[in-house]
2 protein chains.
Amino acid sequence: MVDVELVSSLVKKSSSKIILVVVDGLGGLPSPEYGKTELELANTPHLDSLASRSICGLTIAVKPGITPGSGPAHLSLFGYDPLKYEIGRGVLEALGIGFELTPLDIACRANFATRNSEGLIIDRRAGRIETSRTEELCNLLQNEIKEIDNVKIIIRPGKAHRFVVVFRGENLYAELTDSDPQKVDVPANPVTASSESASYTAKIVNKFIDYANRILEDKHPANTLLLRGFAKHPQLPTMGQLYKLTPAAIATYPMYKGLAKLVGMEVLECGETIEDEVKALQRHYDNHDFFYFHIKKTDTEGEDGNFIGKTKVIEEVDKIIPQLEELSPAVLVITSDHSTPCVLKSHSWHPNPFLLYSKNCLPDEVTRFTEKQCARGELGTFPAISVLPLLLAHALKLTKYGA
Amino acid sequence: MVDVELVSSLVKKSSSKIILVVVDGLGGLPSPEYGKTELELANTPHLDSLASRSICGLTIAVKPGITPGSGPAHLSLFGYDPLKYEIGRGVLEALGIGFELTPLDIACRANFATRNSEGLIIDRRAGRIETSRTEELCNLLQNEIKEIDNVKIIIRPGKAHRFVVVFRGENLYAELTDSDPQKVDVPANPVTASSESASYTAKIVNKFIDYANRILEDKHPANTLLLRGFAKHPQLPTMGQLYKLTPAAIATYPMYKGLAKLVGMEVLECGETIEDEVKALQRHYDNHDFFYFHIKKTDTEGEDGNFIGKTKVIEEVDKIIPQLEELSPAVLVITSDHSTPCVLKSHSWHPNPFLLYSKNCLPDEVTRFTEKQCARGELGTFPAISVLPLLLAHALKLTKYGA
């Protein structure tokens, strides 16, 4: 994509610091009960004060009307064309648990699940079993299944019912359909090849599923498994290579850590709370010039349709703003990867509230950090792929184009 | 174009309904007399109320500064790249009168016209003769001219002075200049080939014009004919194929019906008035999930420079809004294909007022449906090719992109 190349050619290394706060699923829709969006209802004195000193707008992650998954939505924010680089779910999950994929690997996201005596899936998450139980079951599977027809099988536990399966071998291809039917009261699907070259891989995967099912048979509620998002590691240039940054990621969920690693960020150790994340930022502030700071709980509450819960998380985010400002970054951005309106209980296409604070910005007339006010901010409704150039510019990391 | 392919790959069939009202030539410029645009002067309580509950913006049909013809302007709104698909005027006219073109056909738009004894065109529309007279004259021509050098000639009457001529044969090409000089007091132009391959076709067409002129010689005021817009049928994928829609068109003018057929819409029978069009919509509402609802008179008044006339048509449109809302579509859009400011008496490049109402939209701060207020709507000034994805998104017909 031309933009990326242009920006990349103009960037210069400097010590100025950028903090990009991604409040996952931040944007919303008015609830019938309150007649306001989550952001409008929340009490956010610090965000509003920051907005009054910032330039604001709304970002479109991919294209107007397109609801993005977390992968493409983050890639845009990191300065990568989300239509050029596709990241399979399996790859994200593998990276998120710290598993280093090789070019021989096909990774997929796996769930332990429950099926009834008729073979129908009745719980796609096996009652959300404990992580420790998933670890036991993964060990059991790994001990029993090490290789199928010369393809090495690697099984790694994630959180709760989630785990990752990696198929390592020659001539494996990821063009495979999911076994996860994405609904209950139906059987799991057989994995099929969507390209001719992947038919051998499909055979291996289906054999694996058969073996695993036999081993899990008496392990109710985790008496079966569902696989989805088969993928190979995409070869992305790092943010260091593209933008001369030394980026770090502060995130609590595996997938976001995985995304960060994919673009060459160092993932910083931190606890589980937003306050833990702030401490990690403070601790590592001197060692990086770009911080991706991810907050997950807004999205979780949005997906659960918990309107008040989401406003409470927003208020929690509001409280850390002074601590972020205290670090005096050259650029501080508060935005989101995609919207997750509680009324829809899912990701949506609605553009993301965006604010950029920098001593080099000319504040617009936005005085509250809400969807509506951001819509008439200086930046208007603009593509998220433009975010990184704006960060670099305001951090004075871009040289002039042309004489 | 990536956008279209992306959207096409994400669309899912659903029963939710979309109404796209195209108020032809809606946008305007302030009249010196009133200091307001047509929309600003018109009394539009229903449109304004709808705008307050909608997201608004201004659309650019093709590119900034480009004045679009009706073809490209509509293609954009229907989700087709107007720079990829070119539709000749002749093709539109042929489709509009229900003539099915074959791949062997070159179609053109024809006018009966008046020329004086010196051979100069003095009326490009033959005093807008009655449709019945045009039918008589077309019959006369068709009876006398059936074939020229093995090329079949097909002549079909349109409304008033308009008709269609189709040349059917092997090795015909449409790269031909118009015989219509587009002004009076000059002779008609000979048709010339703009590509070498079309020179044979030019010869046939000029022979046809000569024959026709001899036949029409004593038929004043329709004593000659003018041809323009030579074109072959472009092979467009249908909206059903691209967007899994079952679209219907409600329009009173042939060209718009033709456009609708070109993208695979079913053209619904309806009378001549806007109220007739509403009845057609109500009658067929259960059978389709997408309705293109075209209103012509705004454009006609704009082309005539009739400022008050255009505001009256806008007020007429305003009155039908409650009837449209009563149908409870998932998405209701009011917009235009292009602007036709009365002060210019022609199509213009000015972007089109746009409003989208849906229970899944977050209303912006627009409270009146005018050019100026739409400019600061959430959508800002945006390409019309993004309209269809937005319609599909708000009708919940698009799945997520990426993991």
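Chain A can be laid on chain B with an RMSD of 0.2 Å by a turn of 122 degrees and a shift of 0.5 Å along the axis; the superposition is by least squares on the C-alpha atoms of residues with pLDDT of at least 70 in both copies. The two copies are thus related as by a three-fold rotation axis. This is a predicted model, in which local features need pLDDT of at least 70, side-chain atom pairs count only at pLDDT 80 or more, and totals for chains, interfaces and linings use all residues. Residues are numbered from 1 along each chain as its sequence is written, chains are lettered from A in the order in which they are written, and side-chain values use heavy atoms, with hydrogens and water left out.

**Interface between chains A and B**

- About 2,200 Å² is buried between chain A and chain B, and carbon and sulfur atoms give 67% of that area. Buried area is the accessible area (1.4 Å probe) that two parts lose on being put together, summed over both.
- On the chain A side, I66(A), W349(A) and K372(A) lose the most area to chain B, together 25% of what that side buries.
- The contact (heavy atoms within 4.5 Å) takes 31 residues from chain A and 24 residues from chain B.
- Two salt bridges are counted between chain A and chain B, a salt bridge being a side-chain nitrogen of Lys or Arg within 4 Å of a carboxyl oxygen of Asp or Glu.
- The side chains of K63(A) and D3(B) meet in a salt bridge with an N to O distance of 3.3 Å.

**Salt bridges over the structure**

- Over all chains, the structure holds 32 salt bridges.
- E325(B) and R53(B) meet through their side chains in a salt bridge of 2.9 Å, N to O. This pair links distant parts of the chain, 272 residues apart: E325(B) is in helix α12 (residues 307-326) of chain B, and R53(B) is in the loop between α3 (45-52) and β2 (55-60) of chain B. Helices (H or I, at least four residues) and strands (E, at least two) are DSSP runs, numbered from the N terminus.
- E325(B) is partly exposed at a relative accessible area of 24%, and R53(B) is partly exposed at 30%. Buried means under 20% relative accessible area, exposed over 50%, and partly exposed in between (1.4 Å probe, protein chains only).
- The side chains of E272(B) and K159(B) form a salt bridge at 3.6 Å, N to O. Here too the pair links distant parts of the chain, 113 residues apart, with E272(B) in the loop between β10 (266-267) and α10 (274-284) of chain B and K159(B) in the loop between β6 (151-157) and β7 (162-168) of chain B.
- E272(B) is exposed, with a relative accessible area of 56%, whereas K159(B) counts as partly exposed at 34% relative accessibility.
- K296(B) and D299(B) meet through their side chains in a salt bridge of 2.9 Å, N to O. K296(B) is buried, with a relative accessible area of 13%, and D299(B) counts as buried at 2% relative accessibility.
- Salt bridges that share partners join R89(A), E93(A) and R109(A) into one network.

**Buried elements of chain B**

- Helix α9 (residues 254-262) of chain B is largely enclosed by the rest of the structure, because seven of its nine residues are buried.
- The buried residues of α9(B) are P254(B), M255(B), Y256(B), G258(B), L259(B), A260(B) and L262(B).
- These buried residues of α9(B) pack against α4 (70-77), α5 (89-96), β9 (247-250), β10, β11 (290-295) and α11 (297-303) of chain B.
- Just after α9(B), G264(B) takes a positive phi of about 85 degrees.
- C108(B) lies in strand β3 (residues 105-115) of chain B and counts as buried, at 0% relative accessibility.
- C108(B) and G90(B) are 18 residues apart in sequence, and their C-alpha atoms are 3.7 Å apart in space.
- Not counting residues up to four places away in sequence, C108(B) touches several residues, among them G90(B), F163(B), V165(B), L227(B) and F230(B).

**Exposed loop residues**

- E365(A) is in the loop between β13 (352-357) and α13 (371-375) of chain A, and is exposed, with a relative accessible area of 69%.
- Leaving aside neighbours within four places in sequence, E365(A) is in contact with Q373(A) and R376(A).
- W349(B) lies in the loop between β12 (331-335) and β13 (352-357) of chain B, and is partly exposed, with a relative accessible area of 43%.
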